[in-house]
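Here are my notes from a read through this one, in the order I'd look at things. Have the viewer open as you go.

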Amino acid sequence: MSIPKSIKHYLQFSDFTLEEYEYVIERAHLIKRKFKNYEIYHPLIDRTLVMVFEKNSTRTRLSFEAGMHQLGGAAIYLNTRDSQLGRGEPVEDAGQVMSRMCDIIMVRTFGQEIIERFAANSRVPVINGLTNEHHPCQVFADIFTYYEHRGPIAGKTVAWIGDANNMLYSWLQAAEVFGFHVNVSTPKGYDMDMSQVSTNRFTLFDNPSDACAGAHLVNTDVWTSMGYEEENAARLKAFDGWIVDSAKMARAAPDALFMHCLPAHRGEEVAADVIDGPQSVVWDEAENRLHIQKALIEYLLLGRIDGQ
């Protein structure tokens, strides 16, 4: 049987239009309000989410698993070490089999090409829970958090301080969709791969402090991402001076927010008085993975819903 053509996947940030993002953000506000008011909302009774993890996780697993339960469905955790994927089963075969036994799949893996191959063979929507190249769910939650605290992000400036990693590439795609600008400062040798960049809504800065000047949102990440642990010592040396501290935040806009996708290393990429200070919204940001992903799952499975 052929794979239905109406399936919509969420594999990178550019997969949705601005109209779709605005709709899902509106739904996330409503679903979050229901959750906070202890209102039962179970639109996904008898639906199942399969979560495939090749990389470790705290926030991704918790937010997807709890979120699916809160929507009335079930969530199944699969680690590649405990499945046939870990024994060499082709990704294409796994996509065919898993998608015949569930309604939606989240995959957290290494190369983007892995999830692309999986989705091409899936009969149900596939969500990118993280790859080396993209982290769309995290940036979606970050933008939702900005909306909650400051309103629309269009026309604003986001400062990215640190590694040119999956977060940055998703932020750059988001800038093109939402119409904001990204100030990027990466150490020498850890620059952007321009083959992954399809927007001109960014400016490069050699000095990370200059990148923060006038920014409405200052964002960073760990200096050593998963899969690069052997480079830790070299990265600590190369990233010297790229810590987001109070001096850099002082150059941002007076009402600037600080975000970090976590886990964080205080004293390395961010100073304790910044991440634990009044401009930091990292805990709201982490919680909002739950709410934005619930709205995302609802949209991928049920399409647009009026009211409720």
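1. Two strands count as paired if DSSP finds at least two bridges between them. Keep in mind, too, that this is a predicted model.

2. With that in hand, look at the open sheet. Five strands line up in the order S7-S6-S5-S8-S9, and their pairing is parallel. The edges are strand S7 (202-204) and strand S9 (257-260), each of which pairs on one side only. From one strand to the next, the twist averages 20°.

3. Toward S9, S8 makes four bridges, with the two strands running parallel. Asn219 sits opposite Met259 of S9, and Val218 has Phe258 in S9 as its bridge partner. Toward S5, S8 again runs parallel and is joined by four bridges; there, Ile161 stands opposite Thr220 of S8.

4. Where do the side chains of S8 go, and are they buried or exposed? Leu217 and Asn219 point one way, Val218 and Thr220 point the other way, and all are buried. As background, side chains in a regular strand alternate between the two faces of the sheet.

5. Next, the helix over the sheet. Helix H6 (residues 166-178) lies across strand S5 (157-161), strand S6 (181-185), S7 and S8. The angle between H6 and S6 is about 155°.

6. Now a helix pair. Helix H5 (residues 136-150) and helix H11 (residues 282-302) have axes that come within 8 Å and cross at roughly 110°. Angles of 65 to 115 degrees count as roughly perpendicular, so that is the label for H5 and H11. The H5 side of the contact includes Cys137, Phe140, Phe144 and His149. Among the residues they meet in H11 are Asp284, Arg289, Ile292 and Leu296.

7. Finally, the whole chain. The secondary structure comes to 11 helices and nine strands. A compact globule of 308 residues would have a radius of gyration near 19 Å, and the chain has 19 Å, so the two agree. The C-alpha trace spans about 55 × 45 × 30 Å along its principal axes.

8. A few totals to go with that. Of the 308 residues, 56% count as buried. The accessible surface is about 13200 Å², with 50% of it belonging to carbon and sulfur atoms. Taking contacts between residues at least 6 apart in sequence, 71% join residues at least 24 apart.

Notes. Residues numbered from 1 in each chain as written. Predicted model: local features only at pLDDT ≥ 70, side-chain atom pairs only at ≥ 80, totals over all residues. Heavy atoms only, no water. Axes fitted to C-alpha atoms, helices over the stretch in contact; angles between N-to-C directions. Contact = heavy atoms within 4.5 Å. Rg over C-alpha atoms; globule rule 2.2 N^0.38 Å. Buried < 20%, exposed > 50% of the residue type's maximum accessible area, 1.4 Å probe, protein only. Areas by Shrake-Rupley, 256 points an atom, 1.4 Å probe, with all protein chains shown as cover. Parallel < 35°, antiparallel > 145°, perpendicular 65-115°, else oblique.
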